[in-house]
Amino acid sequence: MLANLTPFLLHWAITAFGLWVASHVFKGLRYGSTIALAVAALLLGLANAVVRPLLVVLTLPLTLLTFGLFLLVINALVLMLVARLVQGFHLDGFWTAFWASIFMALLSLVLGAFILGGTPDFTIQTSPGPGQTWL
């Protein structure tokens, strides 16, 4: 149980840090208190785990038609949903959510790679392993 708790808390902290940095980069993204920021980060993680996959499946034809660019709209909509649900976390509009979600995704990717060390699925191999050669 505790082995699963550490990655969860790290992801939560990375998301909260991403929201905090995004609130300083984008004028339209604000939080009223640290508790509102922590709750927004927790709810954003939950929404990305539950709501986002449902939206992706429901909008699959549109996503395929736009070559995956509609996923950026889904990310913005999920962030807007969290802003609606968490009191003390404010988002001015769609375009702020759109650009903030892109910024947060990139920041989370970079921080996750450094803090969590990357996962085998997403680690880029820069040199051949022992006993292997590259052609």
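**Reading a predicted model: values set against definitions**

Colleague: How many salt bridges does the count come to in this model?

Modeller: The model is a predicted one, and under the rule used here the count comes to one salt bridge.

Colleague: What makes D92 and R30 a salt bridge?

Modeller: The closest N and O atoms of D92 and R30 are 3.2 Å apart, and the rule asks for a side-chain nitrogen of Lys or Arg within 4 Å of a carboxyl oxygen of Asp or Glu, so the pair of D92 and R30 is called a salt bridge. D92 lies in the loop between β2 (89-91) and α5 (94-115), while R30 belongs to strand β1 (residues 29-31), and so the pair ties together parts that are 62 residues apart in sequence. As a general point, side chains of opposite charge can pair when their charged atoms come close.

Colleague: Why is D92 called exposed, and why is R30 called partly exposed?

Modeller: The relative accessibility of D92 is 53%, and exposed means over 50%, so D92 counts as exposed. For R30 the value is 38%, which falls between the limits of 20% and 50%, and R30 therefore counts as partly exposed.

Colleague: Which elements make up the secondary structure of the protein, and in what pattern do they follow along the sequence?

Modeller: There are five helices and two strands, and along the sequence they follow the pattern α-β-α-α-α-β-α. Buried residues make up 30% of the 135 residues, and the accessible surface comes to about 9300 Å², with 73% of it belonging to carbon and sulfur atoms.

Colleague: What share of the contacts between residues at least 6 apart in sequence joins residues at least 24 apart?

Modeller: That share is 62%.

Colleague: Which residues of the largest nonpolar core touch the most other members?

Modeller: This core has 25 residues, and L19, L29, L44, L79, V82 and F89 are the ones that touch the most other members. At least two residues of the core are supplied by each of α1, α2 (34-58), α4, β2 and α5, and α4 gives the most, with seven residues. Leaving aside residues up to four places away in sequence, L19 touches L29, L37, A40, A41, L44, L79, F89 and M104.

Colleague: How do you know that T63 is buried?

Modeller: T63 is found in helix α3, and its relative accessibility is 6%; buried means under 20%, so T63 counts as buried. Not counting residues up to four places away in sequence, T63 touches G68, F70 and L71.

Colleague: Why is the pair of F94 and W95 called edge-to-face?

Modeller: The count of aromatic pairs comes to seven, and in the pair of F94 and W95 the centres are 5.1 Å apart, with 75° between the planes. Ring pairs link F94, W95, F98 and W99 into a cluster.

Colleague: Which of these four residues are buried, partly exposed or exposed?

Modeller: F98, at 11% relative accessibility, counts as buried, whereas W95, at 57%, is exposed. F94, at 27%, and W99, at 48%, are partly exposed.

Methods. Residues are numbered from 1 along each chain as its sequence is written. This is a predicted model: local features need pLDDT of at least 70, side-chain atom pairs count only at pLDDT 80 or more; totals for chains, interfaces and linings use all residues. Side-chain values use heavy atoms; hydrogens and water are left out. Helices (H or I, at least four residues) and strands (E, at least two) are DSSP runs, numbered from the N terminus. Buried means under 20% relative accessible area, exposed over 50%, partly exposed in between (1.4 Å probe, protein chains only). Contact means heavy atoms within 4.5 Å. Accessible areas come from the Shrake-Rupley method with a 1.4 Å probe; for residues, only the protein chains shown count as cover. Rings of Phe, Tyr and Trp (its six-membered ring) pair if their centres lie within 6.5 Å; planes under 30 degrees apart count as stacked, over 60 as edge-to-face and the rest as tilted. A nonpolar core is a set of buried Ala, Val, Leu, Ile, Met, Phe, Trp, Tyr and Cys residues joined through side-chain atoms within 4.5 Å.
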